[in-house]
Amino acid sequence: MVSGGLLSAFGNTTYNISVASIRQAATPDRLLGRVGSSELFVGYGVLPVGALLGGVLASRIGVGETLLISMLAQLPLLMVLLLASPLPTLRELPPPPDGEGTETGTDGMPIR
């Protein structure tokens with residue numbers, strides 16, 4: 001279980017960094033706050049549901065068995081979600097939305 005937890009933590013960190021980079025590149029600046037807060041709202045909103053389901057399952061079959069089921073269920077689910085998304089074929093970040101990111105600073109780099 002320890003190795004599963006370490007693998008999960010590494011995967012979650014890698015996922016969060018990648019998704020945040022893509023979201024920031026693809027979202028217009030004026031909507032970044034709304035998009036980010038919506039993602040956090042949904043992400044944190046389902047945590048109590050998972051805690052409730054995990055608690056019910058642990059009280060019926062045991063904590064160790066519940067953790068094992070959770071660990072074994074995560075990998076296939078994540079693989080299905082990953083393979084269904086366009087991310088595996090994405091080789092560069094999407095261009096900035098129309099009308100944004102066209103100004104340049106003194107160093108010639110785009111200002112977003």
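Leaving aside its neighbours within four places in sequence, Thr66 is in contact (heavy atoms within 4.5 Å) with Gly54, Leu57, Ala58 and Ile61. The model is predicted, so local features need pLDDT of at least 70 and side-chain atom pairs count only at pLDDT 80 or more, while totals for chains, interfaces and linings use all residues. Residues are numbered from 1 along each chain as its sequence is written, and side-chain values use heavy atoms, with hydrogens and water left out.

**Exercise 1.** Determine whether Thr66 is buried or exposed.

*Solution.* Begin with its place, which is in helix α4; helices are DSSP runs of H or I with at least four residues, numbered from the N terminus. Next take the relative accessible area of Thr66, which is 10%. Buried means under 20% and exposed over 50%, with a 1.4 Å probe and protein chains only, so Thr66 is buried.

**Exercise 2.** Describe how α3 and α4 pack.

*Solution.* Two packed helices are described by the angle between their axes and the distance between the axes. For α3 (residues 47-61) and α4 (residues 63-84), the angle is about 130° and the axes lie 7 Å apart. That makes α3 oblique to α4, since angles under 35 degrees count as roughly parallel, over 145 as roughly antiparallel, 65 to 115 as roughly perpendicular and the rest as oblique.

**Exercise 3.** Name the residues of α3 and α4 that meet.

*Solution.* From α3, take Gly54, Leu57, Ala58 and Ile61, which meet Val63, Glu65, Thr66 and Ile69 of α4.

Methods:
Axes are lines fitted to C-alpha atoms, for helices over the stretch in contact, and angles run from 0 to 180 degrees between N-to-C directions. Helices (H or I, at least four residues) and strands (E, at least two) are DSSP runs, numbered from the N terminus.
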